[in-house]
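Please read this briefing alongside the sequence and the model. It covers strands, aromatic rings and nonpolar cores in turn.

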Amino acid sequence: MSVGLLLTSLPFQAHAQGTPGQLSSRTIVGGNVKQHADAVLAVMTYTTVPDVTTSSLSINNGATDNPAFGQSQLGGGFALSKSFPLYVEGTLAYSRYDPTFIATDGAEQRPLPTRWNTLSGTVGIGWDFRVTDELVFRPILNGTIGRVSSDLKVGQSIINRVTDSDLQFLENGSLDAYGYGGSLMLDYEHYREAYEIDAELRATDIYLRSFGGSSDAVQGSAMAQQVSLWTRWRAPTGWHALDRPIRYVLEFAYSRYFGDSAGVLGFNDLTSLGVGLELDSSTYPIVITRTRAVMRYVFGHNVHGVSFGFAVSF
């Protein structure tokens with residue numbers, strides 16, 4: 001499992017733009033909540049796959065320097081054994097999206113700062129087909145469940161007597177979403193005394209669809225389509241601790257997004273470069289065999305930042 005923080009420089013459009021719609025007493029500029037809810041569902045596609053490039057992501061509003069979008073992800077996966085190569089994985093992710101709408105009665109304009117929170121979990125089950133002693137082909141079936149909820153933080157005078165379905169969702173509305181699909185992975189493990197190499201090439205396709213919810217205005221669907229490459233090099237530093245060598249770690253990861261994931265946050269791909277240290281505790285009778293800390297630099301189109309990851313192996 002890993003956690004981290006990614007600070008980016010990508011400016012975010014804070015005010016929705018569009019054709020005004022008439023409400024009972026006020027107009028919401030860009031009040032197409034369904035369009036923005038579809039975008040939130042598309043953003044959820046970033047959290048459905050274990051991925052170090054988006055394990056924690058924060059996009060700031062350039063005008064206010066406050067996060068307009070942020071997400072964090074915790075997850076991992078493993079095969080039970082070589083004799084019974086059942087593979088299981090899981091991720092738990094949280095994201096926050098803060099669009100701002102403008103309410104007007106023709107003479108006065110007031111901002112409606114909303115806060116949409118997304119919580120989602122994804123599980124996967126697969127089977128390892130060994131191509132060679134070091135290379136595994138792994139098909140995976142994935143399932144996702146999640147919820148998007150809205151919490152409108154405005155004065156009662158702004159929404160008084162307004163019954164439009166858009167604002168019904170904005171004021172403490174919610175929708176649930178489920179997803180299903182699969183992944184294909186090639187997993188390469190080349191371990192030697194002097195060094196260790198890990199590499200994973202993965203293609204994922206998961207279909208997300210909303211259901212239930214408190215408003216019919218926010219039903220929608222999205223496709224999570226992603227191809228990613230992750231590699232890691234580990235080798236002894238010459239230092240020792242816990243009767244085992246301390247290893248240095250070098251990482252490279254690249255993710256390319258397709259379908260509804262592409263461009264929804266302003267970029268189509270992300271690259272991550274990492275360096276860190278790993279402590280080996282396998283000689284002691286404890287559950288954790290290795291502990292790893294990695295500093296990463298992540299970049300893409302109009303996006304760059306740093307993250308710190310912490311992981312353990314069992």
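Helices (H or I, at least four residues) and strands (E, at least two) are DSSP runs, numbered from the N terminus. Ser 221 lies in strand S13. The model is predicted, so local features need pLDDT of at least 70 and side-chain atom pairs count only at pLDDT 80 or more, whereas totals for chains, interfaces and linings use all residues. Residues are numbered from 1 along each chain as its sequence is written, and side-chain values use heavy atoms, with hydrogens and water left out.

**Ser 221 and its surroundings**

- Ser 221 has a relative accessibility of 33% and counts as partly exposed, a class that falls between buried (under 20% relative accessible area) and exposed (over 50%), computed with a 1.4 Å probe on protein chains only.
- The C-alpha atoms of Ser 221 and Tyr 207 are separated by 7.6 Å, although the two residues are 14 residues apart along the chain.

**Strand pairing**

- Two strands pair if DSSP finds at least two bridges between them, and strand S8 (residues 116-127) is joined to strand S10 (residues 135-150) by eleven bridges in an antiparallel arrangement.
- Ile 125 stands opposite Leu 141 in S10.
- Strand S9 (residues 129-130) also runs antiparallel to S10, with two bridges joining them, and the two strands form a hairpin with four residues between them.
- The bridge partner of Arg 130 in S10 is Val 136.
- S10 is joined to S11 by 15 bridges, again antiparallel, and Gly 146 stands opposite Ala 177 in S11.

**Aromatic rings**

- Seven aromatic pairs are found in a search of the whole structure, where rings of Phe, Tyr and Trp (its six-membered ring) pair if their centres lie within 6.5 Å, and planes under 30 degrees apart count as stacked, over 60 as edge-to-face and the rest as tilted.
- One of these pairs, Tyr 178 with Phe 211, is tilted, at 5.7 Å centre to centre and 50° between the planes.
- Because Tyr 178 lies in strand S11 (residues 174-191) and Phe 211 in strand S12 (residues 196-211), this pair ties together parts that are 33 residues apart in sequence.
- Tyr 178 is partly exposed with a relative accessible area of 30%, and Phe 211 is also partly exposed, at 34% relative accessibility.
- The rings of Tyr 195 and Trp 233 are stacked, because their centres are 5.0 Å apart and their planes lie at 0°.
- Tyr 195 lies in the loop between S11 and S12 and Trp 233 in strand S13 (residues 221-241), so this pair ties together parts that are 38 residues apart in sequence.
- Tyr 195 is partly exposed with a relative accessible area of 25%, while Trp 233 is partly exposed at 31% relative accessibility.
- Tyr 178, Tyr 180, Tyr 207 and Phe 211 are linked by ring pairs into a cluster.

**Nonpolar cores**

- A nonpolar core is a set of buried Ala, Val, Leu, Ile, Met, Phe, Trp, Tyr and Cys residues joined through side-chain atoms within 4.5 Å, and the largest one here has ten residues, among them Leu 41, Val 148, Leu 175, Ile 206 and Ala 224.
- Helix H1 (33-44), S11, S12 and S13 each supply at least two residues of this core, and H1 gives the most to it, with three residues.
- A second, separate core of eight residues includes Val 43, Tyr 257, Leu 270 and Val 298.
- Ile 206 touches residues including Thr 48, Asn 142, Tyr 180 and Met 223, not counting residues up to four places away in sequence, where contact means heavy atoms within 4.5 Å.
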